[in-house]
Amino acid sequence: MTIKFGTDGWRAVISETFTFGNLRLVAQAIADYIREENDANPSVMVGFDTRFLSDRYAAEVARVMAANRIETWLARADTPTPAISYAVLQKSATAGVMITASHNAPRYNGIKLKSCYGGAASPSHHKRVERLLDRNLSSGRGPNLMDLDEAIRRDRVHKFDPSWAYYEHLSGLVDLDIVSSGELRVVADGMFGSGRGAFSEVLARGRTHVHNIRHEMNPGFGGIHPEPIARHLGLLMSTIQSGHWDVGLATDGDADRIGAVDSQGNFVDPHRIFALVLHYLLEKRGLQGKVVRTVSTTRMIDRIAAKNSLELIETPVGFNHISDLMIANGVVMGGEESGGMSIQGHIPEGDGVLMGLLLLEVMAAAKAPLHELVEDLLAQFGPAQYARTDMKLTRPVEKARMVAMLLNLAPEAIAGVPVEDVQTVDGVKYYLNDGSWLLIRPSGTEPVLRVYAEAPNDERVKALLGFGEEMAAKA
């Protein structure tokens, strides 16, 4: 058996590799890691999303932790990942464990490991857990287990609700008075994930009218990936268009990602949400600091940073890379193409709920509809159109060999536009002299080769993607 941690933890297909037996083994390795981190007073936050068996898996993790004499706080109900991450920081815990496969297909489940600072564990910490797992397997050591009811009676496991402390923290990062003044009509699409109901709960005491959709418990997510991208948001778009709604907000399976729909039913992707919120924080709140984006994120962020004379840092895909820089302080905002973003003063963790609330603040402060704000953004820092293609893999791609091959085949021009630079921060990224770019990289969370492109217009994006898909097929 081989269990490897990817970009953000361990994910696998339920009942194939993600089984109760394997989960307990991984939980024991995490318990060993926690005791290495803090043997005197170890503690852990354990949460779960709405996926099939997630609550049962979380209970098994709690049993293992309790048997290893680690004080364990177990969420009473499904909860957003950033709520568990904030609880780690708030309660000064050694670590956090979130049972989720985030935006992946319903057949997957997984574990996200959180460090004491309230963000994703670093790749080196994931490697430590893998080594401890391998050590236990090679020595024939099984997991320690304790009956959950007994663990609760003996105060080794405490049931708790992490949401309210998290919501209170968010109210210090978002000006809820400004949001309330906008009297916005909002459709909140929970995508059947653990962010369901979050916006209505945070905004309940203001004048924002929130209508929840896909907020029931549905472990199969209605048969779709709970990822807030255009092709999964048909219901949100039709709901917006059938009523007099100002905006739609959608969070993914564990609510650490965001997507939006404007009042005309148009999808507003994370690139534009990132750019709108960043511009607002700099221009209206006067915040200063470094700006961090992943390699697959719009270059509008670069232009906004340049206008404000701020340093722009590009990282590989994965919020843990942004977390490292946020922990070191001095970062005003960091984000990635997939919808994970955070700001100064928050935990170093992608947070779809926070970003949705900030987008409402941007709209309310401007007293303008979202589509007009996007048009103004593109007029100032665009034009910028974006698209991504996911190519399913029949076998794993060896990343280093793929990068070497793509570098060797790097063209002087793509679709008639000269290539001015090629970077290998994560995969291979071609920068063109008209401001457009093309990126080819394997996913770190599922068997997919991703091709990304940004250009001044849709025709150029299509041409870049076509070229990228041909190159990816060769790889």
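A: Start with a term: buried means under 20% relative accessible area, exposed means over 50%, and partly exposed is in between (1.4 Å probe, protein chains only). This is a predicted model, in which local features need pLDDT of at least 70 and side-chain atom pairs count only at pLDDT 80 or more, while totals for chains, interfaces and linings use all residues. Residues are numbered from 1 along each chain as its sequence is written, and side-chain values use heavy atoms, with hydrogens and water left out.

Q: Okay, E349: buried or exposed?
A: E349 is buried, at a relative accessible area of 3%.

Q: Where is E349 in the fold?
A: E349 is in the loop between β15 (341-343) and α13 (352-366). Helices (H or I, at least four residues) and strands (E, at least two) are DSSP runs, numbered from the N terminus.

Q: Which side chain does E349 have a polar contact with?
A: The side chain of K114, at 2.8 Å. A polar contact is a pair of N or O atoms within 3.5 Å; within protein, one must be able to donate a hydrogen and the other to accept it, and residues adjacent in sequence count only if both atoms are side-chain atoms.

Q: And what else does E349 touch?
A: Leaving out residues up to four places away in sequence, E349 touches residues including T81, P82, F319 and M341. Contact here means heavy atoms within 4.5 Å.

Q: New topic. Which residues of α15 are buried?
A: In α15 (residues 399-408), M402, V403 and L406 are buried. Seen down the helix axis, the buried residues fall within an arc of 100°, so they line one face of α15. The arc is that of the directions from the helix axis to the C-beta atoms.

Q: What's on the face turned away from the buried side of α15?
A: The exposed residues A400, R401 and N408.

Q: And what covers the buried residues of α15?
A: The cover includes β19 (428-432), β20 (437-442), β21 (448-455) and α16 (458-474).

Q: How many cavities of 30 Å³ or more are there?
A: The structure holds 3. On a 1 Å grid over the protein atoms alone, a cavity is a set of points where a 1.4 Å probe fits but cannot get out; lining residues have an atom within 4 Å of a point. A volume is the space filled by probe spheres set on the points, which are joined across faces, edges and corners.

Q: What volume has the second largest cavity?
A: About 50 Å³. Its lining includes D189, R196, H215 and T251.

Notes:
1 Å grid on protein atoms, 1.4 Å probe; cavity = no way out; pocket = protein on both sides within 12 Å on 5 of 7 lines; lining within 4 Å.
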